[in-house]
Amino acid sequence: MSAPIISLESLASASSMEALLAKAASGGCSSSSCGSSAKPDDMDPAVWEKIKDHPCYSEEAHHYFARMHVAVAPACNIQCNYCNRKYDCANESRPGVVSEKLTPDQARRKVIAVANEVPQLSVLGIAGPGDACYDWRKTRATFEEVSRDIPDIKLCISTNGLALPDRVDELAEMNVDHVTITINMVDPEIGTKIYPWIFYRNRRYTGLEASQILHERQMLGLEMLTARGILTKINSVMIPGVNDEHLIEVNKWVKERGAFLHNVMPLISDPAHGTHFGLTGQRGPKAMELKALQDKLEGGAKLMRHCRQCRADAVGLLGEDRGQEFTLDQIPEEVTYDPSTRETYREVVARERGDHVAAKQAALSTVAETEATGALLVAVATKGGGRVNEHFGHAREFQVYEASPKGIVFVGHRKVDQYCMGGFGEDATLDGVIEALEGIDVVLCAKIGDCPKDSLSTAGIRATDAYGYDYIETAIAALYAAEFGLELLAESA
């Protein structure tokens, strides 16, 4: 018998605590279908406990859990040619951009307000908009204040690594389990093309000397974190013609030093952002170029492919940003944390995750049974929960999966502008969506009209809503089986 569909969207926006409890009571969590059953067979249980509810460190968790960044660390000790930190900006979605800077006390109020309204929240991160380790006093004070009120929230920082070795002991004392380091080179000559200057020990360095110091400090910080059992994610910006092929070497270096994940991100270089690379015409990689490089890195350090390059004040699930709902003028001066909604949400999600794991295992068996040799690149419109549950015209991004004899693997995402905008600019927007879906074989969505379906078909992309509300892997497995000759029907999970 198929499991009933739980709408995590409706769950997260339940109008009352009673409604949320009713959903929890409808299924509960059995020992055979608890969220912990999603643990990969080859993963240490202690590591799984650290990442199972972390949307950045676990691709599976990002379907269910949300992160929040607080912009308390504006000062930075290096200049990157791809960065332009902007304040009071609500119209750009990229690292280094925030609508308002916060004091540690303002951050505490904001985190409590979000935790009370966003039950998916599991992680608090400080990602600038400068450097969390350089602007350390504010970073530490924020973590101390928030963890007193919400002791179960996971704490993360993102850093360029220059000041990191000076903070590792304190990070370990504060039980910070996750640190992200941006490492774009291990050859200082290449670093000179990315970093105009660094500020280290009260002195500004430029050129090769600056890159050499930064490289040495990044490697030292990574090794120190690994020695203390702190999980590290390495972010690398792919810059065509500068460090794209070199990132293969970066991957080797960080794997040797114990990095848990390597996240290769595309350069964002719109001239309107005012960065050096944007103003000088340095292009970013195309989606298929990024995928090709990531494919070359398979077998090295484990890859993260579901990154959304979040703002420094992002709130919500990956792929969405609810930050404008929680600006300071909308938050009361006095806030009190109520843990009940988050706790109940986790109970319901535990059941849903267990069902999802079972459906995924069945889907992988279906793909294996086809004995096919081909591959399909599938773009999925989803609101979360691991299901095909978004209308094509409402999608702001598509999650991309590759189905092949190796299984069904998440390989990236494609950001798009919404096609349905009330009749304004729809033709131009659809052209942009089609361009963003370069290389995709099939689009899966909950609903799609004849007009966009025909336009996609003309561009060589098939689209179907036949698998609406199935688990993503269930839908892709049925699609793959039908494509390669095995007659199976998708089963609603």
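**Figure 1. The whole chain.** The protein chain exposes about 20600 Å², of which carbon and sulfur atoms supply 48%. Accessible areas come from the Shrake-Rupley method with a 1.4 Å probe, and for residues only the protein chains shown count as cover. This is a predicted model, in which local features need pLDDT of at least 70 and side-chain atom pairs count only at pLDDT 80 or more, while totals for chains, interfaces and linings use all residues. Residues are numbered from 1 along each chain as its sequence is written, and side-chain values use heavy atoms, with hydrogens and water left out. The protein chain has 493 residues, and 56% of them count as buried. Buried means under 20% relative accessible area, exposed over 50%, and partly exposed in between (1.4 Å probe, protein chains only). The protein chain holds 15 helices and 15 strands. Helices (H or I, at least four residues) and strands (E, at least two) are DSSP runs, numbered from the N terminus. Among contacts with a separation of 6 or more, 72% link residues 24 or more positions apart. Contact means heavy atoms within 4.5 Å.

**Figure 2. Confidence along the chain.** pLDDT is the predictor's confidence in each residue, from 0 to 100. The protein chain averages 86, and 86% of the residues score at least 70. Over residues 11-17 the pLDDT is below 50, and this stretch has 12 contacts in the model beyond near neighbours in sequence. Residues 23-36 also stay under 50. For residues 23-36 the model has 23 contacts beyond four places in sequence.

**Figure 3. Strand E1 and its two partners.** Strand E1 covers residues 66-69. Ala66 and Met68 point one way, Arg67 and His69 the other, and all are buried. In a regular strand the side chains alternate between the two faces of the sheet. E1 runs antiparallel to strand E10 (residues 315-317), joined by 3 bridges. Two strands pair if DSSP finds at least two bridges between them. Val315 in E10 is the bridge partner of Met68. With strand E3 (residues 121-126), E1 pairs in the parallel sense over 4 bridges. There, His69 stands opposite Gly125.

Figure 4. Gly128 and Pro129 are joined by a cis peptide bond, with omega about 20°. Pro129 lies in the loop between E3 and helix H5 (136-149).

**Figure 5. The buried side of helix H9.** Helix H9 spans residues 247-256, and its Leu247, Val250, Asn251 and Val254 are buried. They cover an arc of only 100° around the axis, which puts them on the same side of H9. The arc is that of the directions from the helix axis to the C-beta atoms. The buried residues of H9 pack against helix H8 (207-227), strand E8 (231-238), strand E9 (261-266) and helix H11 (287-297). Gly258 follows H9, with a positive phi near 95°.

**Figure 6. An open sheet of 5 strands.** The strand order is E13-E12-E11-E14-E15, and the pairing is mixed. Strand E13 (407-415) and strand E15 (462-464) are the edge strands, each pairing on one side only. Neighbouring strands of this sheet are turned by 25° against each other on average, direction ignored. H11 packs on the sheet, touching strand E11 (376-380), E12 and E13, and its direction makes about 145° with that of E13. Axes are lines fitted to C-alpha atoms, for helices over the stretch in contact, and angles run from 0 to 180 degrees between N-to-C directions. Strand E14 (residues 442-444) runs parallel to E15, joined by 3 bridges. Leu444 stands opposite Thr464 in E15.

**Figure 7. Ser404 in strand E12.** Ser404 lies in E12 (residues 397-404). Its relative accessibility is 12%, so Ser404 counts as buried. Leaving aside neighbours within four places in sequence, Ser404 is in contact with Val367, Gly374, Ala375 and Tyr480.

**Figure 8. Tyr205 in strand E7.** Tyr205 lies in E7 (residues 203-206). Tyr205 is buried, with a relative accessible area of 12%. Beyond neighbours within four places in sequence, Tyr205 has contacts that include Pro196, Trp197 and Ile213. Tyr205 and Ile78 are 127 residues apart in sequence and 9.4 Å apart in space, C-alpha to C-alpha.

**Figure 9. Positive phi in two loops.** Gln309 is not a glycine, yet its phi is positive, near 50°. Gln309 lies in the loop between H11 and E10. Gln309 is buried, at 11% relative accessible area. Tyr469 has a positive phi of about 75° and is not a glycine. Tyr469 lies in the loop between E15 and helix H15 (472-483). Tyr469 is partly exposed, at 42% relative accessible area.
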